[in-house]
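This briefing concerns one protein chain and is intended for a reader who will inspect the coordinates directly. Please consult the sequence and the structure below alongside the text.

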Amino acid sequence: MGVSATRRYMVDGQARGYPVRTEQMRIPMDDGIDLAATLYLPAAPGDGPFPALLESIPYRKDDWTLSRDWPLHGAFAAAGYASCRLDVRGTGSSRGIAADEYTEREILDNLAVIAWLATRPGAAGPVGMFGISWGGFSALQAAMRRPPALKAIVPACFSHDRYHLDV
């Protein structure tokens with residue numbers, strides 16, 4: 001486990017919902033590679049368990065998208081969700097090699113992270129997945145495998161046919 005911090009989620013200068021705790025995690029995969037994730041958690045001793053949300057994208061959670069991750073994932077945590085921002089294998093702080101877009105290995109990684117989120121201490125079990133563009137593809141591809149813990153997806157600005165309609 002990595003660094004943990006707690007702070008209030010603010011809207012227009014007012015604290016909203018649960019205080020939010022962040023944790024830097026390394027999630028081991030079955031082939032020995034570990035993936036980097038930031039968990040945004042409701043800091044609510046005695047409350048919970050909390051359902052989980054997953055965003056799996058390659059856009060460097062520790063620098064490039066950090067300024068957009070806190071308002072998004074922090075809002076989910078303040079509302080009572082355990083929200084996970086995952087760097088895809090071989091990108092950002094995750095280990096391994098990103099061999100291509102939307103690989104079979106990436107799908108397997110996402111399925112493993114969904115199962116991991118569903119069984120974490122304080123987890124309610126159900127997991128939702130969301131994302132824009134790459135994250136939308138990731139959510140759709142994970143849902144096609146029907147993992148038991150994945151109960152909902154919200155993909156946006158993506159194509160159902162990446163080979164003919166991809167950007």
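The model is predicted, with local features requiring pLDDT of at least 70 and side-chain atom pairs counted only at pLDDT 80 or more, while totals for chains, interfaces and linings use all residues. Residues are numbered from 1 along each chain as its sequence is written, and side-chain values use heavy atoms, with hydrogens and water left out.

- Val127 lies in strand β6 (residues 123–132); helices (H or I, at least four residues) and strands (E, at least two) are DSSP runs numbered from the N terminus.
- Val127 is buried, its relative accessible area being 2%; buried denotes under 20% relative accessible area, exposed over 50%, and partly exposed in between (1.4 Å probe, protein chains only).
- A separation of 5.5 Å is computed between the C-alpha atoms of Val127 and Leu53, which stand 74 residues apart along the chain.
- Beyond its neighbours within four places in sequence, Val127 is in contact with residues including Ala52, Ile114, Leu117 and Ala149, where contact means heavy atoms within 4.5 Å.

**Helix α3**

- Helix α3 (residues 134–144) is mostly covered, with 8 of its 11 residues buried.
- Among the buried residues of α3 are Trp134, Phe137 and Gln141.

**Salt bridges**

- The structure contains 15 salt bridges, each defined as a side-chain nitrogen of Lys or Arg within 4 Å of a carboxyl oxygen of Asp or Glu.
- Arg26 pairs with Asp34 in a salt bridge whose closest N and O atoms are 2.5 Å apart; Arg26 is partly exposed at 35% relative accessible area, whereas Asp34 counts as buried at 16% relative accessibility.
- Asp30 forms a salt bridge with Arg105, the closest N and O atoms lying 2.9 Å apart. This pair links distant parts of the chain, 75 residues apart: Asp30 is in the loop between β2 (14–28) and β3 (34–42), and Arg105 is in helix α2 (residues 104–119).
- Asp30 counts as exposed at 68% relative accessibility, while Arg105 counts as partly exposed at 23%.
- Arg68 forms a salt bridge with Glu55, with 2.7 Å between the closest N and O atoms. Here helix α1 (residues 66–78) supplies Arg68 and strand β4 (residues 50–57) supplies Glu55, 13 residues apart.
- Arg68 counts as partly exposed at 30% relative accessibility, and Glu55 is buried at 2% relative accessible area.
- Salt bridges with shared partners join Asp30, Asp31, Arg89, Arg105 and Asp109 into one network.
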